[in-house]
Amino acid sequence: MVSENDLESALDKVRLDAAGPVAGVFGPGSVTWRIDREAAVFLGAGRALLLQLAHPWVAAAIAEHSTTLVDPVGRFHRTFDVVFAMVFGSLDRALLSARQLHRRHTMIVGEMPESVGPFAAGSRYCANDIPSLRWVHATLVGSALMAHDLILPPLVVEERERYWAESRTYGALFGLTGDDLPADWAGFAAYTAKMMQSETLTVSPAAREIAAQILGGARPWLRPPRWYRALTAKMLPERLRAGFGLAIDERDARSADTALRWIRRIYPKLPDRLRYASPYHEAQARLRGEPQPDWMTRGLNRLWIGRPQMDVRGKG
């Protein structure tokens with residue numbers, strides 16, 4: 001488990017390696033900013049969620065402790081609030097977010113209601129468990145890059161190594177140390193490939209139910225379009241796709257392929273205001289010394305993170 005002391009030790013290293021108090025953990029010269037600013041990475045959000053649900057402990061924790069189904073918009077905002085604060089927030093904001101996430105995770109404990117894969121009924125789970133955190137971290141890192149490379153020129157080998165090196169720092173915000181994560185991109189790829197084939201990822205009934213409600217639309221007006229559901233399914237390994245009951249027919253495949261063709265054609269031509277996530281624009285305003293982002297960024301922030309400004313929140 002990641003204890004509070006473990007987290008603080010990891011955050012000490014983050015602070016030493018950070019781009020700066022204003023630039024935050026990564027800063028404008030990082031590959032992480034270059035990837036995570038792209039709104040296109042949302043194309044991988046469904047994949048990341050389903051891969052997390054495929055871990056029985058994560059699925060049980062979400063089923064028993066999350067408000068995903070009763071408050072899907074709030075859950076979306078809270079998730080992106082944490083991610084964007086870690087990536088684009090000031091250094092203080094990123095560290096605060098890491099501490100808040102750890103405290104929230106300490107309350108997410110329970111027992112498996114039934115045996116799933118290698119996890120026996122009654123076995124204990126905790127959201128601050130290192131193997132579970134490592135997998136959640138991997139789904140976020142891998143899915144963001146996969147979505148980026150679907151739409152934009154793929155990273156070259158050197159850029160991938162830089163991205164993974166920065167992702168290890170991102171992992172430290174979860175309390176993960178260098179010993180908890182692969183040393184390089186090849187190691188990360190090997191780890192994810194092994195996990196995809198392992199019984200550790202077994203789709204439980206709870207995971208199937210959550211996925212069905214989310215992809216089917218937890219609210220009628222929140223139902224993802226057909227092409228997005230098909231694209232999400234195509235981004236999963238066949239074994240897990242079958243586990244979630246996500247069959248893809250010819251019509252589904254065509255809708256996903258057509259959507260990708262149009263997105264690849266239109267997306268690079270979008271104005272920066274629409275192409276880049278608003279927390280990135282807020283970070284740029286902060287670097288320019290502006291006391292707050294402009295009205296458009298504040299408005300778009302409400303869509304992404306549920307509030308007008310990322311770097312304004314009470315200490316805790």
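In this predicted model, helix α1 passes helix α6 in a right-handed crossing. The two helices, α1 spanning residues 4-17, pack with their axes 11 Å apart and at an angle of about 160°. Because angles over 145 degrees count as roughly antiparallel, α1 and α6 are described as roughly antiparallel to each other. On the α1 side, the residues that take part are E4, L7, E8, L11, V14 and R15, and they meet L91, L95, A98, R99 and H102 of α6. Sorted by class, the residues of this contact comprise 6 nonpolar, 1 polar and 4 charged.

Is S90 buried or exposed? With a relative accessible area of 13%, S90 falls under the 20% cut-off and is therefore buried. Setting aside neighbours within four places in sequence, the contacts of S90 are P21, V22, G24, R286 and D311.

Helix α11 covers residues 226-234 and helix α13 covers residues 250-266; their axes come within 8 Å and cross at roughly 100°. This angle lies in the range of 65 to 115 degrees, which makes α11 roughly perpendicular to α13. From α11, the contact draws on R226, W227, A230, L231 and K234. Their partners in α13 are R251, D252, A253, S255, A256, D257, A259, L260 and I263. By class, this contact between α11 and α13 holds 8 nonpolar, 1 polar and 5 charged residues.

Attention now turns to the interior. In soluble globular proteins, nonpolar side chains tend to be buried together. Here, the largest nonpolar core has 85 residues, and the members that touch the most others are L53, Y163, L173 and F244. Helix α7 (residues 130-151) supplies the largest share of this core, with 9 residues. Which residues does Y163 contact, leaving aside its neighbours within four places in sequence? They are V31, T32, I35, V141, A144, L145, L155 and W185.

Terms used:
Residues numbered from 1 in each chain as written. Predicted model: local features only at pLDDT ≥ 70, side-chain atom pairs only at ≥ 80, totals over all residues. Heavy atoms only, no water. Buried < 20%, exposed > 50% of the residue type's maximum accessible area, 1.4 Å probe, protein only. Contact = heavy atoms within 4.5 Å. Axes fitted to C-alpha atoms, helices over the stretch in contact; angles between N-to-C directions. Helix = DSSP H or I, 4+ residues; strand = E, 2+ residues; numbered from the N terminus. Parallel < 35°, antiparallel > 145°, perpendicular 65-115°, else oblique. Left-handed = near helix turned anticlockwise from the far one by under 90°. Nonpolar A, V, L, I, M, F, W, Y, C, P; charged D, E, K, R; others polar. Core = buried A, V, L, I, M, F, W, Y, C linked by side-chain atoms within 4.5 Å.
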